[in-house]
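Please keep the structure open while reading.

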Amino acid sequence: MIRRLFFLPSLLQAVVSGQWSAGNPGDVTTQNGLCARIPCHYRHPSNLNNEPWTGIWFNSDTQNKEDSVAFHSGDRSLESPKFRHRTRLSGILRNNDCSLGMDNVTQQDAGPYFFRVEFTVRWIYNYHPVTQLSVTDFTDKPTIFPAEMVAGQPVNVTCIFNTTCNGMAPTLTWATPADEPPSASHSVTQQGDTQTYTSVLYLTPAPKHHGQNLTCRVTYPTVSSEQIL
């Protein structure tokens, strides 16, 4: 059960002295079907460092309804069914990193989010202001690098897709002329937070293929897009 917030005299003093604080953005925007990350770092009074505590994210502004729990580090069964198996802490709570990660984001996930800590010694604190999550349509597309095509000559055509959603692996596929079954290799590289998915298509064009399209499609569990060459 989610416990109520207790305003004890010592807690009020800690709030005034700035011992309770958090750094999180006011707004985060992501695309439907992708991931979201709400950066968050928090502080609490140092006398609580050795006390066990739980981190909770709510999908609300000030209401602490049980059905608004997006993440619960102590008991995942308390999370709302719509968030279950989709949320996680992308940082380490003990290192004061309360960043929230979410996969397969939908329009229904849009709204305010705030973080709370609950100590076993009945110290509870809600960190405000909230972060507003906005979810737009999926518009990202893969990129095809054109290659010179000569009839009868084997050629490689490369398609890439960049993403920072490291917890979700997209699939790159090709649509080719019906008599030219796609044969491709796939690889993944990472630089910083960005992962690059690469698919190299091998084909031998013929005169009859002139004017026909090559299509590279990126697919996630709930969304997809394509680029046509």
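Predicted model: local features only at pLDDT ≥ 70, side-chain atom pairs only at ≥ 80, totals over all residues.

## The Cys35–Cys165 disulfide

The torsion about the S-S bond of Cys35 and Cys165 is about -90 degrees, so this disulfide is left-handed. Its sulfurs lie 2.1 Å apart. The bond ties together distant parts of the chain, 130 residues apart. Cys35 sits in the loop between β2 and β3, and Cys165 in the loop between β12 and β13 (171-175).

Both ends are buried, since buried means under 20% relative accessible area. Cys35 has 15%. Cys165 has 4%.

## The other two disulfides

The structure holds 3 disulfides. Another joins Cys40 to Cys98, with an S to S distance of 1.8 Å. The torsion about its S-S bond is about -70 degrees, so the Cys40–Cys98 link is left-handed. Cys40 belongs to the loop between β3 and β4 (41-43), Cys98 to the loop between β7 and β8. They are 58 residues apart, and both are buried.

Cys159 pairs with Cys216 at 2.0 Å, S to S. This link is left-handed too, with -85 degrees about the S-S bond. It runs from strand β12 to strand β16 (residues 215-219), bridging distant parts of the chain 57 residues apart. Cys159 is buried at 0% relative accessibility. Cys216 is likewise buried, at 0%. Counting bonded cysteines along the chain, the pattern is 1-5, 2-3, 4-6.

Ser99 lies in the loop between β7 (87-89) and β8. Ser99 counts as buried because its relative accessibility is 0%. Its side chain makes a polar contact with the side chain of Arg37 at 3.3 Å. The Ser99 side chain also reaches the backbone nitrogen of Cys40 at 3.0 Å.

Beyond its neighbours within four places in sequence, Ser99 contacts several residues, including Ile38, Pro39, Arg88 and Leu89.

The largest pocket has a volume of about 390 Å³. It is lined by 21 residues, and those nearest its centre are Cys35, Ala36, Arg37, Thr164 and Cys165. Elements giving two or more residues to this lining are β2 (27-31), β3 (36-38), β8 (100-102) and β12 (155-163). β2 gives the most, with 3 residues. By class, the lining has 7 nonpolar, 9 polar and 5 charged residues.

The second largest pocket has a volume of about 240 Å³. Of its 15 lining residues, Met149, Pro205, His209, His210 and Gln212 are closest to the centre. This lining has 10 nonpolar, 5 polar and no charged residues.

Definitions and conventions:
Residues numbered from 1 in each chain as written. Heavy atoms only, no water. 1 Å grid on protein atoms, 1.4 Å probe; cavity = no way out; pocket = protein on both sides within 12 Å on 5 of 7 lines; lining within 4 Å. Points joined across faces, edges and corners; volume = space filled by probe spheres on them. Helix = DSSP H or I, 4+ residues; strand = E, 2+ residues; numbered from the N terminus. Nonpolar A, V, L, I, M, F, W, Y, C, P; charged D, E, K, R; others polar. Buried < 20%, exposed > 50% of the residue type's maximum accessible area, 1.4 Å probe, protein only. Polar contact = N/O pair within 3.5 Å; in protein donor to acceptor, adjacent residues only side chain to side chain. Contact = heavy atoms within 4.5 Å. Disulfide = S-S within 2.5 Å.
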